[in-house]
Amino acid sequence: KRFNRVKLGFFLHSPFPSSEIYRTLPVRDELLRALLNSDLIGFHTFDYARHFLSCCSRMLGLSYQSKRGYIGLEYYGRTVSIKILPVGIHLKQLRNVLDLPETESKVAELRDQFQGRTVLLGVDDMDIFKGISLKLLAFENLLTQHPEKRGKVVLVQIANPARGRGRDVLEVQSETHTTRERINRKFGRPGYKPVILIDSPLQFYERIAYYVISECCLVTAVRDGMNLIPYEYVICRQGNDKLDVTLGANPSIPKKSMLVVSEFIGCSPSLSGAIRVNPWNIDAVAEAMDSALVYADAEKQMRHEKHYRYVSTHDVAYWARSFWQDLERSCRDHVRRRCWGIGFGLGFRVVALDPNFRKLSIEHIVSAYKRTKKRAILLDYDGTMTLQSSISTGPSSEVIEIVNSLCQDPKNVVFIVSGKDRVTLTEWFSSCENLGVAAEHGYFFREDKDVEWETCVAVPDFYWKQIAEPVMQLYTETTDGSTIETKESGLVWNYQYADPDFGSCQAKELLDHLESVLANEPVTVKSGQNIVEVKPQGVNKGLVADRLLNTMKHRKMVPDFVLCIGDDRSDEDMFEAITRAIAAPSLSPVAEVFACTVGRKPSKARYFLEDTTEILRMLQGLAAVSEQHSLNNVTKGFQKVVIE
């Protein structure tokens, strides 16, 4: 909050829950918005990132884009980058422990203890998510189905002390010990215990020694984060010269190792040579154990080499370096940005704006309004004069009163520019004299209510609707919550009330479908906020602005004051047209130009006001000036009559 231009990276070292689970949190939106104040958010796997992006889509309406290999979310003028980067192990630390004399002596001890037997190794915390009992059941299955392995294969399960307490942990401990005892009674004999459970704390070098002598490592957690046990195992199996001597191994022969890993742990996608299993499928895990034992040495060597090459080059230093480089890339434009901190508590957010973008001072615009003589005023309706979410979409009496006051000033030319149809706008503003109206984003146009409607673009025929409407109808039938809005000049498919993910997916398909079938037609197919729209080429609100300014110029009324207000993407065309006009002869060289958007957000407008309330307050200020001017004129006229 205090330093909103700081370079901020956030990395989540655990799974991000799916949207079905996450959406149950009472502060779900606040947590997402808090995270999105970061410049870079990192996850171990694409699954975790996908869950996060899905939550942003469903709960905040944000969609992500992939550009040149980078995933980004547009959020309040900033691009929040998403990075998928599995963390690595501390390679130097691990190799230092491998070089210790204690490690060497422990390896020699274990070599003698398991002489003539093959060791399968499991290293897990004692909790409900690690699947220790499932692993033991799978090993029991292996010995049952393959009697020849009895007496030859040992499962060493290192169970690290539980990190928590409670009945769940006690049940896991009890179940693990019971299963171990049953297997040992069933398959054990003097000098041979199939399962060795180590649930007392081990020194790090002791655990390393178990890695070194094990033929296969089993990680069968039912849900886990990254889990670096397989990485440690691969490095330890590579060993060093001293350990080769201890084990009596030929240094010239390539090392070998095997991994059986759960598909539900974070490191699974990185280990392409591992045997991936569903830990709940005990038969499949038992079969994977058997495969790990019977593969030829050449196969084991090839898999080990593949894993060792990856683990040794993607260590924790690589992870930190890569994350830092991406953070620098994500923050490249910090020096050029103007940032605002908005909101309180978890609702706080950082908004990045153009350096020239500032809040419109009502005193400043009223002062300019007073001293100018020829004014052009363009007002959007939805989201500007009234709230988009309002149940009553018609204008309030306050809006009608303000518009009337502005229209009655002979110095003003006022236009309402809306996406609504002309019938609705005519009905709503029928009481407003001298008001210009542009309907359907500028396709229909009239200067006041006493003249006929004109069209900004000549469209000879709308036969293309017969092609587009059946396609939209098909998607409406298959997308619950979607509707078709039929306008005189176009068609709009709206999926505001559909499932966000499915609606967005269907919108992309519909966009491609319509572009394909309408490729040779004189229309534009565009996607917007929860809509896909088909309209004649060249129709946009910028045409209204251009036409109004040119008309005033031809009537020798070159404007010295221009006010243009809008709230969404369609209004950006008006702002662009007004900006172009500043350097053109259609405006006075000393013209006061105010292009204003609603809310602090990226825009081609130079000014903003926070909401509809502030917009109406500003317009009320202008209307008051016009009313005062009209009153003064009436008073002067009355005085003149009295004198005469």
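A cavity is a set of points, on a 1 Å grid over the protein atoms alone, where a 1.4 Å probe fits but cannot get out; lining residues have an atom within 4 Å of a point. The model is predicted: local features need pLDDT of at least 70, side-chain atom pairs count only at pLDDT 80 or more, and totals for chains, interfaces and linings use all residues. Residues are numbered from 1 along each chain as its sequence is written, and side-chain values use heavy atoms, with hydrogens and water left out.

**View 1. The second largest cavity and its lining.** This cavity holds about 40 Å³ of space. A volume is the space filled by probe spheres set on the grid points, which are joined across faces, edges and corners. Glu440, His441, Lys487, Ser489, Gly490, Glu533, Lys535, Pro536 and Val539 line the second largest cavity. By class, 2 are nonpolar, 3 polar and 4 charged. Here Ala, Val, Leu, Ile, Met, Phe, Trp, Tyr, Cys and Pro count as nonpolar, Asp, Glu, Lys and Arg as charged, and the others, Gly among them, as polar.

**View 2. The largest cavity and its lining.** The search of the whole structure finds 2 cavities of 30 Å³ or more. About 60 Å³ of space lies in the largest cavity. Its lining is Leu425, Thr426, Phe429, Ser430, Cys432, Leu435, Val437, Arg446 and Lys449. Two or more of these residues come from each of α16 (422-428) and β17 (435-439). Helices (H or I, at least four residues) and strands (E, at least two) are DSSP runs, numbered from the N terminus. The lining divides into 5 nonpolar, 2 polar and 2 charged residues.

**View 3. The open sheet β20-β21-β23-β22.** These 4 strands pair in the antiparallel sense. Two strands pair if DSSP finds at least two bridges between them. β20 (483-486) and β22 (523-528) are the edge strands; each has a single partner strand, so one side of each is left without a neighbour in the sheet. From one strand to the next, the twist averages 15°. Antiparallel pairing of β21 (residues 491-494) with β23 (residues 531-536) runs over 4 bridges. Leu491 has Val534 of β23 as its bridge partner. Helix α17 (residues 465-478) lies across β20, β21 and β23, at about 10° to β21. Contact means heavy atoms within 4.5 Å. Axes are lines fitted to C-alpha atoms, for helices over the stretch in contact, and angles run from 0 to 180 degrees between N-to-C directions.

**View 4. The open sheet β1-β2-β5-β4-β3.** This sheet has 5 strands and mixed pairing. β1 (9-11) and β3 (64-67) are its edge strands, each pairing on one side only. The twist averages 25° from one strand to the next. β1 pairs with β2 (residues 40-43) in the parallel sense, over 3 bridges. Gly42 in β2 is the bridge partner of Phe11.

**View 5. The second largest pocket.** A pocket is an open set of grid points with protein on both sides within 12 Å along at least five of seven lines. The volume of this one is about 640 Å³. It is lined by 26 residues, and Val212, Glu215, Arg237, Leu247 and Lys256 are the closest to its centre. Elements giving two or more residues to the lining include α5 (101-113), β6 (118-125) and α12 (297-313). The lining has 11 nonpolar, 7 polar and 8 charged residues.
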